[in-house]
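Hello,

Here is the structure we spoke about, with notes on what was found in it.

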Amino acid sequence: GLPVAVDLICLALVGGQTIDSALERVAKEIRRAFPALSQELQVVKFQAGVGTLSAALRQWAERIQIPDIQNFVVLLTQAERQGVDISEGLLEYSTSLRSQVRQRAEAQANRANVWLIFPTIFCLWLPAAMMLVGPILFELRERISDAQLTTQGIQQDIQTINQPTILSEL
């Protein structure tokens, strides 16, 4: 949600609002989509009302410990200290954040491909192997039973041949 918040802050600043009112407005606008970020921006706005904006932003960066937020805080504090227009810097920063998010998503998607190999093997290849090997096994079992029947028949024939006949005894 940080790229969206940075874009909205930039729009508010370009529209003529101060950074305090921009933070308040953005916190209100993103409350439904990004409640945690909205709450953090409200805390920053409250702390900026009590003290200075740069101190509130530094406390936010220390509290969150996320590199993207720390970079955002550095950007805002330097702009406030130098008194320059921050809107172009914020637009560039939000573009950078979006590309980082896209790169992370692509890396995660690439890792997912590796993990999809195992379900593919177990869910698709094993049934396919059973479909291919199953008829062969049934045919083999049938031939083995035929061979056993033939063997039993031959053994019975041998036994009948080896049995003394009644005529030979007479």
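Is Trp 115 buried or exposed? Trp 115 has a relative accessibility of 60%, so this residue counts as exposed (buried is under 20% relative accessible area, exposed over 50%, partly exposed in between; 1.4 Å probe, protein chains only).

On the source: this is a predicted model, in which local features need pLDDT of at least 70 and side-chain atom pairs count only at pLDDT 80 or more, while totals for chains, interfaces and linings use all residues. Residues are numbered from 1 along each chain as its sequence is written, and side-chain values use heavy atoms, with hydrogens and water left out.

The surface patch. Trp 115 is found in helix α6 (helices are DSSP runs of H or I, at least four residues, numbered from the N terminus). With Val 114, Ile 117, Phe 118, Phe 122 and Leu 126, Trp 115 makes a nonpolar surface patch of about 670 Å². Two or more residues of the patch come from each of α6 (87-115) and α7 (117-162), and α7 gives the largest share, 4 residues.

Helix α4. The buried residues of α4 (residues 53-64) are Leu 53, Ser 54, Ala 56, Leu 57, Trp 60 and Ala 61. Seen down the helix axis, they fall within an arc of 160° (directions from the axis to the C-beta atoms), so they line one face of α4. They pack against α2 (19-29), α3 (35-50) and α5 (67-82), with contact meaning heavy atoms within 4.5 Å. Just after α4, Gln 65 takes a positive phi of about 60°.

Regards

Methods
Patch = residues over 30% accessible without salt bridge, like charges linked within 9 Å, V, L, I, M, F, W, Y side chains within 5 Å. Areas by Shrake-Rupley, 256 points an atom, 1.4 Å probe, with all protein chains shown as cover. Salt bridge = Lys/Arg side-chain N within 4 Å of Asp/Glu carboxyl O. Expected span 1.5 Å × (residues − 1).
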